[in-house]
Amino acid sequence: MNKALFLDRDGVINVEINYLSKIEDFIFIDGIFDLCKKYQDKGYLLFVVTNQSGIARGFYSESDFNLLTSWMIKEFLNKGIKIQKAYFCPHHPEISGECSCRKPKAGMLLEAKKEFDIDLENSILVGDKERDIESAITAGLKESYLFDEKGVCEESKAIKIVSSLREI
Ligand SMILES: [Mg+2]
Ligand SMILES: [Zn+2]
C-alpha cells in the first residue's frame, strides 16, 4: 500500500480567492513546493482534494477548472513534483443535491484509496478549514494539519494547527 499526502487546494496550495478560476489569480503559498518535495522524497504520493462548488453555482465550468488544474500540475512538475491526481467535488447540496464527495465527507479520500491503493490510516492531510480535517478523520487518517496562516484558529480536531507550511 502507498502513503499519501492529501492537500486541500484553496488556502493551502494557493492563496484563497473566492471562486478562483483563472491562472492569473493563482498565487502559490509560501512553502508549498518544499512541503511537497519533502513528502515526495519520503515516498508519499501527492493528491489534491478540493471542493469546487463554483462549478455547481455556475461561476465557472468544469473545463475552466480542468485548465487551471493542468497548469497547476505543470507548475509542480517544473519543480520536480508529481501530483498524482486532483480530486474535486463540483457539487453543492442546495443546487446539485447531496453527494458523497464534498468535504467534510470522505468520498475523495476513499476514491484515492481505491484507485491508488492508499493506506489511509498512515496518510496525511493538510487543510485550512475544519471540514477538511473532518473528512480526514472520517476516512481514518491519524495525521492532519490545519493551516491557519493568520493564527486565528484556537481549536481543531487536527493533530496540530500550523501558521506556516514549513511546520509540517
Ligand atoms: Mg481550503
Ligand atoms: Zn460532490
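Mentor: Leaving aside residues up to four places away in sequence, Gln-52 touches Arg-9, Asp-10, Tyr-60, Phe-65, Phe-88, Cys-89 and Pro-90, where a contact means heavy atoms within 4.5 Å. This is a predicted model, in which local features need pLDDT of at least 70 and side-chain atom pairs count only at pLDDT 80 or more, while totals for chains, interfaces and linings use all residues. Residues are numbered from 1 along each chain as its sequence is written, chains are lettered from A and ligands numbered from 1 in the order in which they are written, and side-chain values use heavy atoms, with hydrogens and water left out.

Gln-52 is placed in the loop between β2 (45–51) and α2 (53–56); helices (H or I, at least four residues) and strands (E, at least two) are DSSP runs, numbered from the N terminus. Gln-52 is buried, with a relative accessible area of 2%. Here buried means under 20% relative accessible area, exposed over 50%, and partly exposed in between, with a 1.4 Å probe and protein chains only.

The magnesium ion (ligand 1) is coordinated by Asp-8 (OD), Asp-10 (O) and Asp-128 (OD), at 2.0 to 2.2 Å. Donors are N, O and S atoms within 2.8 Å of the metal (3.2 Å for Na, K and Ca), and water is not among the atoms, so sites may look incomplete. Along the chain the donors follow the spacing D-x1-D-x117-D. Asp-8 lies in the loop between β1 (4–7) and α1 (32–41), and Asp-128 in the loop between β4 (124–127) and α6 (130–138), so this pair ties together parts that are 120 residues apart in sequence. Asp-8 is buried, its relative accessible area being 7%.

Helix α3 (residues 62–78) has 17 residues, which at 1.5 Å a residue should span 24 Å, and its end C-alpha atoms are 24 Å apart, which agrees. The expected span is 1.5 Å times one less than the number of residues. Just after α3, Gly-80 has a positive phi of about 80 degrees.

Phe-76 also belongs to a cluster, in which ring pairs link it with Phe-26, Phe-28, Phe-33 and Trp-71. Rings of Phe, Tyr and Trp (its six-membered ring) pair if their centres lie within 6.5 Å; planes under 30 degrees apart count as stacked, over 60 as edge-to-face and the rest as tilted. Over the ring of Phe-33 sits the charged end of Lys-79, 4.9 Å from the ring centre; the criterion is NZ of Lys or CZ of Arg within 6 Å of the centre and within 35 degrees of the ring normal.

The structure holds twelve aromatic pairs. Phe-47 and Phe-116 have ring centres 4.9 Å apart and planes at 65 degrees, so the pair is edge-to-face. Phe-47 is in strand β2 and Phe-116 in helix α5 (residues 107–116), 69 residues apart, and both are buried.
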